[in-house]
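Hi,

Here is the structure I promised to pass on.

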Amino acid sequence: MSAQPVKISQYVPKILVIDDEKRIRNACRIVLEENGYNVLLATNGRQGLEQINANHFDIILLDLMMPALSGFEVLTAIKKKHPDTVVIIITGYATLEYSVEAMKQGAFDFIPKPFTPDHLRVTVAKAIEHTRTLRDISDAHSRIRTMVNSLTDGVMCTNHQNHVVLANPTFLRMNGYITKSVVGCHIKDFLKFPKLREMIHQALQMDGRTYSELSTEIDLASYSADDHRVLNARCLPFKDREGKNIGVITVLNDITALKQMDRMKSDFVSTVSHEIQGPMTAVMMQLKVILDGLAGEVTAKQKKMLSRALDKISSLSGMASELLDLARIESGLISQERERLDLGQIVKEQVALHLPKAQEANHELIVRLEDDLPPILAHRRNIEEVLSNLIINAIKYTPGQGRIRIVAERSEAYLLMCVEDNGMGIQEDQRKQVFKRFYRVKNKQTRFIHGTGLGLAIVKSIVESHQGHITLQSEPGKGAVFSVFLPIFPIDEKKIELNR
Amino acid sequence: MTDKQLILVVDDDPDLVESISMKLESQNYRVDKAYDGVEAFAHIQNEKPDLVILDVMMPRKNGYQLCDELKKSGNYSDIVIVLLTAVADAVASTNYTHLDGKSTLADDYIPKPIDLDNLMQIVHDHLE
């Protein structure tokens, strides 16, 4: 079977010819039926109107000069009752005056008598094309309307003046405004969340070339004490052909259940963390106290064994906290508060934090920040974690006296942050693997480097949850470059707090 | 040479309290021990310590509550408080985080697992 374009329906256009001249009626029927149209005939205006009232016609060919009811009267009646029906005038008096008058009254086109079959065909085909386009638009509208209205997410579309073009029932219900239609209203007149009004306004101002979506959380408890729902709101601007924003789609999503699960997961994580870390901490300290000789003399042999035990427990405890970090980050990623951040500042802080370790290994730490770095919209602790992990890795996997460079600069719609070292590097076949959980590069060089294999997995999931991406370039023996791309916060000028 | 400074160690895990105490004693501090917030407050009323090493998650009265009470009281607000926090920070909705620790009136905080040498350094710095 050959592929065919998808047709919603096999539609045969219906045409009515109203003319008192039998010759014309029959000529029309023969020509049009040849083209596959369904053609019906009427001998005068009254009969024509009866048929029109009984059936839908796509096109009506109408003679202007008829006894009893004139073509103009029929035209008026049709336009009054069926404004979408296309009427083509047939007139023996091919005067401009009549034709112009008929067109003014809503006729689509006119054919002067006498006409050739080709002339008729072309005119009718043009009219059919016109009705088909209208039908397609109306079908598409109907499909979209039904789709949007049946969504369990709230959807609203506003135009460039922040007037409502469309709002589905879910949206109205979430906004607590069910009875009246809001189409045509300005958002300030009915939208009850100030934060959302501000965000729609912002979305409209955004540069269409950057990644453009704003999101926030709305806690309904702050509007009504007994409402415990939490909504996630997203605003996406849409563009015209020139790429200019002409309106905003706002989507509301009830995340109450997700938030509850998130909370349960967090509580679980914190309980487990306490239950696991608590005893391990106690054991570590007991070992330490014994090792320090506070509980009596310790022989060299005992000291050696206890030291190894302490090391094992320390790394176990480290692994437990990283595992919990991962669980925590994954649970927090569902939705979290983000703020406008100055990455340059964070880079400086993190570098200062890790400088002692770098100096211990005699590494040179170089920071290069582009002037006037644009802000990003992100979770502060997460971004600190990304940088911290990458810097720690660079320090750990570079033999002494290395050079570690941290660069932050603009890269189109992204902020690019690179952590580059001249250390041992990563083999090609391992470059993808290093982002997997628990994966660690194992060779002679890395044998004595402690780690859990979770750092880069955490980094990757954080970066991706911020709509960013991370890449790795490396040449074994020469070093590695981790490049993190994070979307730039779209509005440079206004300092607006998006979060509570 | 002044009298030895008094440090109150509060944690619901006796093993932990014992280890910290032994280390502190070896550093020439006097040590008092308590195993929950209520007991700790009674000890403080009995003899005012110079510094309290205070766990956060404890039965009866947790570390935050006790810290808050002491810091807002007239008599005890000058006692140095070092909080021990067990939970990874920034967990979206939990109560016991480093961030919460930072927002309390405590003078310092140290995450678990505790590095004893680091804890000694902090104690020493505050009591200098």
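Below is what I found in it, starting with how to read the numbering.

Residues are numbered from 1 along each chain as its sequence is written, while chains are lettered from A and ligands numbered from 1 in the order in which they are written. Keep in mind that this is a predicted model, where local features need pLDDT of at least 70, side-chain atom pairs count only at pLDDT 80 or more, and totals for chains, interfaces and linings use all residues.

Let's begin with a helix pair in chain A. Helix α11 (residues 380-396) of chain A packs against helix α12 (residues 455-465) of chain A at an angle of about 145 degrees, with the axes 9 Å apart. (Helices are DSSP runs of H or I with at least four residues, strands are E runs of at least two, and both are numbered from the N terminus; axes are lines fitted to C-alpha atoms, for helices over the stretch in contact, and angles run from 0 to 180 degrees between N-to-C directions.) On the α11(A) side, the contact is made by A:Asn382, A:Glu385, A:Val386, A:Asn389, A:Leu390 and A:Asn393. Residues are in contact if their C-beta atoms, placed from the backbone, lie within 7 Å. On the α12(A) side you'll find A:Gly455, A:Leu456, A:Ile458, A:Val459, A:Ile462 and A:Val463.

Next, the cores. The largest nonpolar core has 39 residues, and A:Leu343, A:Ile376, A:Val386, A:Leu390 and A:Leu415 have the most contacts inside it. (Such a core is a set of buried Ala, Val, Leu, Ile, Met, Phe, Trp, Tyr and Cys residues joined through C-beta atoms within 7 Å; buried means 20 or more other C-beta atoms within 10 Å of a residue's own, exposed 12 or fewer, and partly exposed in between, with C-beta atoms placed from the backbone.) α11(A) gives the most to this core, with 7 residues. Leaving out residues up to four places away in sequence, A:Leu390 touches A:Val419, A:Val459 and A:Phe482. Apart from this core lies another, of 37 residues, including B:Leu16, B:Val52, B:Ile81 and B:Leu116.

As for chain B, it has 5 helices and 5 strands, running β-α-β-α-β-α-β-α-β-α from the N terminus. Of its 128 residues, 44% are buried.

One last thing, back in chain A: helix α3 (residues 71-81) has A:Gly71, A:Val74, A:Leu75 and A:Ile78 buried. The face of α3(A) turned away from its buried side carries the exposed A:Lys80 and A:Lys81.

Cheers

Conventions: Contact = placed C-beta atoms within 7 Å.
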